[in-house]
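The sequence and coordinates are shown first.

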Amino acid sequence: MSGITRAEVAHLAKLARLTIDDEHLDHYAEQLNVIIESVARVSEVAGDDVPATSHPLPLINVMRADVQRPGLTNAEALSNAPAQEQGRFRVPRILDEE
Amino acid sequence: MSKTALLMDFDQALERFDPVLGLEVHVELSTNTKMFCSCSTTFGGEPNTQVCPVCLGLPGALPVVNEKGVEAAIRIGLALNCEIAEWCRFSRKNYFYPDMPKNFQTSQYDEPIAFNGYLDVAVPTDEGVMPFRVLIERAHMEEDTGKALHQGGATGRIHGADYSLLDYNRAGIPLIEIVTKPIVGAGRYAPEVAKAYVAALRELVKSLDVSDVRMDQGSLRCDVNLSLRPTPQDRFGTRTETKNVNSLRSVERAVRYEVQRQAVILTDGGKIIQETRHWHEDTGLTTAGRVKEEAEDYRYFPEPDLVPIAPSREWVEQLRASLPENPALRRARLQAEWGITDHDMASVVNAEALDLVEATIAAGADQAAARKWWLGELSRIANERGLGLEELAITPAHLARIEALIADGALNDKLARSVIEGVLAGEGEVDAVIAGRGLALVSDDGPLLAAIDAALQAQPDVAEKIAAGKLAAAGAVVGAVMKATRGQADAAKVRRLLFERLGVSE
């Protein structure tokens, strides 16, 4: 298992819109390595005969009929919004000025 | 705002480069409810009134798949000659943009429900119509995003905005994304191939009755991928993805534009940046958007809140058996049955009258008459009223009845138009309108002969002219009789009676 690099942490931070200064990049790289190594141990236990799983229960085709049901009112939908305007969720500027 | 790019003459660009196309089409399904929750999908509701904990991504909410959405995906896949997965999953496509409150879009990644298909299209070229097979990579299920209003700044665009307002009514509406394999070999007809493909796909999906496929309303959206390479033997070049191409005409123009733009850059020794570009309908330009994130940046992983979809083969075969006839094949069949020219068939199709004409013929009318009414009088009325032909309050059965009465000599075209007017005005069925408006043709010889005599008396020279062999002079008498009977005479019959009266044979 090759370790996670400082550059990869910087890339992840960019995708996650997190500001991480240079000194912390090494710190997080080290911590993430510990986590990844721990998880990697699972692969050692699982042999080729154990298929990867995405769901703990052996269910398929759980579907519902195409029938409407009442949802939330506008007031309910917005009740936890930090900011709202014109019945809509108000969010900060999306793009930085580049 | 937008920088004008340098463009190379299209023909010149094609002398130097071979274009490779890829088309991604999103079809918004017309299900009653969203893909993973039971919220309404009705267009135009007040903001954030068709939302629930699932589509707002609230903690603890559990999505459940809409069976109709899966069914529509399978039907689209089958209509595109795809294989249908025996087992497939949904994936989370993670990204940071507030149009999805969950911070991911539920989509399908490496396990699409339909794959490996094709669609045959007819491409108009200088040498006539060219058949072209577009290979389909996949068709997969996903969900639409919410709508953002960008506030502040001059243009309402995201650039320069101070903040944005989000409405999630659209978030979660089912989408089927249909992706082609790279389209090679189109050469200088790449723009036409792109347009013909989207047109054929739209027609096909419409025939399945699973979507409105209105490009102007966003229920069918097209992204155009395009790259150039020096020759067909070279590896693919770097592609751009042009989004927001929302009309058939724009599909063609966007391909042409990107060929011309990329050709200049490559000829000057530059590199194409893999990026998303935005098509501007008004100016016919594309402008650079974001640099495309790599697939791995989306950190796709199987959606743990949804279980796999494993459509039984019985279900798939049942859906296959219930597919409507392929619209292109149907058009060819009907054209042959009716024995009409390509041009006449195109007129029927362009008037969106195919179903109506077919139904009118099925109800007993002659094909020429059925086409005449729908493409003539009724198209004119629909146009005047700003309605589609289907929305007019007259049916193929009405027209077939009118045609039968014309054949029996009980109506002429002029009276038929009055009957149509009456039916459209809600005066009842055809026979009721005729009775109500007193429209039946005068069929008794008596009144017609009296009118003929009156006309001959009023124009004594006409009888002489006819006797002298100038049969065209009969028109004056026929016209006078039609006037006297307020149009309710059969002109051919009047003419025959006139000649009998004068002892002249035609």
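Strand β3(A) and strand β9 (residues 163-167) of chain B pair in the antiparallel sense over four bridges; two strands pair if DSSP finds at least two bridges between them. Helices (H or I, at least four residues) and strands (E, at least two) are DSSP runs, numbered from the N terminus. Within this pairing, Arg90(A) stands opposite Leu165(B) of β9(B). The model is predicted: local features need pLDDT of at least 70, side-chain atom pairs count only at pLDDT 80 or more, and totals for chains, interfaces and linings use all residues. Residues are numbered from 1 along each chain as its sequence is written, while chains are lettered from A and ligands numbered from 1 in the order in which they are written.

On the chain B side, β9(B) also pairs with β8(B), in the antiparallel sense over five bridges. Here Lys147(B) has Asp167(B) in β9(B) as its bridge partner.

## Contact between chains A and B

The contact takes 31 residues from chain A and 41 residues from chain B, two residues being in contact if their C-beta atoms, placed from the backbone, lie within 7 Å. On the side of chain A that touches chain B, β1 (63-64), α3 (74-78) and β3 (88-92) of chain A each supply at least two residues. The most is given by β3(A), with five residues.

By class, the residues of that side of chain A divide into 15 nonpolar, eight polar and eight charged. Ala, Val, Leu, Ile, Met, Phe, Trp, Tyr, Cys and Pro count as nonpolar, Asp, Glu, Lys and Arg as charged, and the others, Gly among them, as polar.

## Domains of chain B

The domain assignment of chain B gives domain 1 (10-319), domain 2 (325-437) and domain 3 (445-502); such bounds come from an automatic or database domain assignment. The C-alpha centres of domain 2 of chain B and domain 3 of chain B lie 32 Å apart. Their contact takes four residues from domain 2 of chain B and four residues from domain 3 of chain B. The side of domain 2 of chain B that touches domain 3 of chain B has one nonpolar, two polar and one charged residues.
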